[in-house]
Structure formats: structure tokens, C-alpha cells
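Me: I am new to this structure and would like to go through part of it. Could you take me through it in short answers?

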Amino acid sequence: MFLPGGSRRSRTMTVIILFTPLVRPVPNLNPLVSSLSFPPIPIVQKAARAYDGRHGPLIDLAQAVPGYPPHTDLLAWLSETAGNPALLGYGDIEGEAVLLGAYSQWQSEIYGASLGPDRVHITAGCNQAFIGAAIAVARPGDSIVLIEPYYFNHDTSLSMLGIHRKSVRADADNGFIPSIGAIEDVIDQGVRAVALVTPNNPTGAIYSPEDLDALYDLCVRHDLFLIIDETYRDFLDADRQPHNLFRKPDWEDRLVSLYSFSKSFCIPGHRLGALTAGYRMIEAVAKIMDNLQICAPRPAQHALARAITDLASWRAETVREIEHRRKAMVAAFDGLETWRLAAIGAYFAYVEHPFEGRTAEDVAAKLARERGVSCLPGSFFGSDEDRFLRFAFANADAERIAHLRERLV
């Protein structure tokens, strides 16, 4: 049986300890940091290493990384720029001019709006972009609204900064898109921004342009910023514009858009992201980044500037591949009577497991150890998510995903 009996109690306890390490306050350390749980991805990877291979190779659907390599030309450009002595010193805080120009032109085409290089700040990954935006809009003791289930790094970033989280739960019945009324109900004088991810991590849900228009109007009414993490933007339908917000006449006073180069260009280890906002926000983020990192990694910025313009057809091929994997995930759950595919989108599937009374951490740990399926517990994404697991299907090819069904049965 999948669930353990009494004879395996000690093994089960070991699994729980692997997934939920004790958090002990450490004297003299900042309690806002020491009270946080250990980063979840290494915990899940440790549990997966205990799998003995009895059902075949591990199906790794845990971390949101592209399961295919970068284009060979990009690898060559990265090697070339890494050895360029001119790029070994400090660069401009906002980013290298060549990447600011290429990225601003690219996203101007995506959104049908004029977005100049002076409205972009290059960061060392999208997580850093979020931290910069959060510090720029909120002080310790202020609040930012997050939509639950939320990306766990957004939550922990706010926690260590002393910024309160106001949670608004989105459920499966509404496609994991919250109502405007539910968001408005939690807004008080301490709220400084509403933050969301679309396409969403962990559910894959996609906010429509109409959804985002309504959220933008809400932020205007309450004098708030709208922070949109668009890390998975490039995996939307190519004919679908993500939103119309950059064409709003006053967008610079309200909107912050975050982006990651990791997924579309398959280079998460190079840590590059981007923040697009009005000039006042860019100026504030530059002050913050000068104290965090001074500048994002310079060699990779020059390689990416070329990749944006020269590798458009390759990016289109990778989008088709991700769609192929998404269809394989849908097929794996088709007809399963116990497991439910609650949502699926550009990069993720959010799955309701059938084990009443078992925590998501317990189910995920046993899937990894006993069935060779690595995924993330829904409880990593919110306190009310114990019924769910997140499967990052972009990390495995369609052939491997096809074996998921037999593992779950």
C-alpha cells in the first residue's frame, strides 16, 4: 500500500523530519530570519535522494527549471563574454546598456507600448527584483497583499524584511483567480501594494487582461502599487498579449513588472532578472541594489542581449516543447478517479491528492521515497494548501511524464 502501516512507523517519522526540519531560534540572530523554515527545494531534493530506483528513473517535477539545455549559440556567447576583461569590473547599477536596450525593445513589442531602457532595471534574478520592489514600496510594519497559494520566496522575503503579508485565498472553483472584493476586504491603511504571479506559481493559473485591469483599478482607488511577477510570461500563447497595463496613462505611478531570464533562456545559474517600472521606482531600486549587489552579473547580460534578438525562433520552439509536456501531464491524469488535476498552466500543474488526513508534506515525501516522483507540497505555498501538490512539468520530458500515471496509481 502507498500509505505506511504500523511496521513502517520509524521510516515515516524519518521522512517527516526530512521535509520539516525543526526551526530553533538562535540567540543573537535576527528572529525575522532565524524563525523562517529552511529553503524548501533542498529539503525535497534530500528526500528524493532516498529513492532506490525500484520503479524506474526518478521523475523530478520539483524545481521550476527548464529540463533542456540552452541554445549552443548562447553557450558560446556566454563563454566569450566570461573571458572578456572589459566586463570584470563594476558595471552600471541599473544594468548594461546593451541588455537594457534589447530587453526594453523586446517587451515594447510584447505589450504594444513604448518602454524605454530608462524604465528597466536588471537584477540578479527575479527574487532580487521582488525584494527591491518590496523595499521600495513598504517599510517594516507595512503590509503587502499576496494571493494564496503564493510563491514561497515572496512570503519569506516579506517576513525577513518585517513587512506583513495580507493573504487572500484563491480556490480551484474560481480557477485560482481571487475576487476583487476579497482583495479589497483586506486592504487597510498599512497596505502598500498587491503582488501576484501570472502565469501563476504554483497553480499555473493565468490572469486575463480583464482580471489585471480590475486589479489595476483597485490599486488606483486605494493608492497602491501593483507588483506583477511575469517570470513565465514567455510560455503564454504567442498570439496572446499578457495585459494592457503599460498602455495606461498613469502606469508609472502604479505598476511594477518583474521578469526572469532563467526559464526562457535556460540559464538559472547566471541569475539575471529584470524590473520594469516608472522612473521614480527605478531610481529607488537603484539605491537599494547599490547596497545589495552593486550590479547584476555583467558577462551574461551581454550574451543575453544578443540572444534576445538572435534566438527568437529557438524560444518559440521551447514554448512548443513546454506545451507538449503540458499535454502529457493532462493525459497522465485523464481518467484517474482519485487524483485531481485542480489547475494547469504555463509551467505548473496543481494537483489535489486523495489521502484524507495526510499532510501534503507526508504525501510528497512518500511519493519521492517510494514511487520516485519528486514534487512540492502545497503547504509550502500557504497554510490552507495541504490538499495539494505542485508538479513542475517543464522539468521532465513527455516520455518521462507518461510514466507518472502508473506511479500515482
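This is a predicted model: local features need pLDDT of at least 70, side-chain atom pairs count only at pLDDT 80 or more; totals for chains, interfaces and linings use all residues.

Me: Which residues does helix α13 cover, and what distance separates its end C-alpha atoms?
Reply: Helix α13 covers residues 312-333, and its end C-alpha atoms are 32 Å apart. This agrees with expectation, because 22 residues at 1.5 Å a residue should span 32 Å.

Me: Which residues of α13 are buried?
Reply: The buried residues are W314, R315, T318, I322, R325, A328, M329, A332 and F333. Seen down the axis of α13, the buried residues fall within an arc of 130°, so they line one face of the helix.

Me: And what is on the other side of α13?
Reply: There, S313, R320 and K327 are exposed.

Me: What follows just after α13?
Reply: G335 comes there, with a positive phi of about 85°.

Me: Turning to the sheet, in what order do its strands lie?
Reply: The order is β9-β10-β13-β12, in an open sheet of four strands with antiparallel pairing. β9 (340-344) and β12 (376-377) stand at the edges; each has a single partner strand, so one side of each is left without a neighbour in the sheet.

Me: How many bridges join β9 to β10?
Reply: Four bridges join β9 to β10 (residues 349-352), and the two strands run antiparallel. Y350 in β10 is the bridge partner of A343.

Me: Which helix packs on the sheet?
Reply: Helix α14 (residues 360-371) does, touching β12 and β13 (388-391). The direction of α14 makes about 45° with that of β13.

Technical notes:
Residues are numbered from 1 along each chain as its sequence is written. Side-chain values use heavy atoms; hydrogens and water are left out. The expected span of a helix is 1.5 Å times one less than its number of residues. Buried means under 20% relative accessible area, exposed over 50%, partly exposed in between (1.4 Å probe, protein chains only). The arc is that of the directions from the helix axis to the C-beta atoms. Two strands pair if DSSP finds at least two bridges between them. Contact means heavy atoms within 4.5 Å. Axes are lines fitted to C-alpha atoms, for helices over the stretch in contact, and angles run from 0 to 180 degrees between N-to-C directions.
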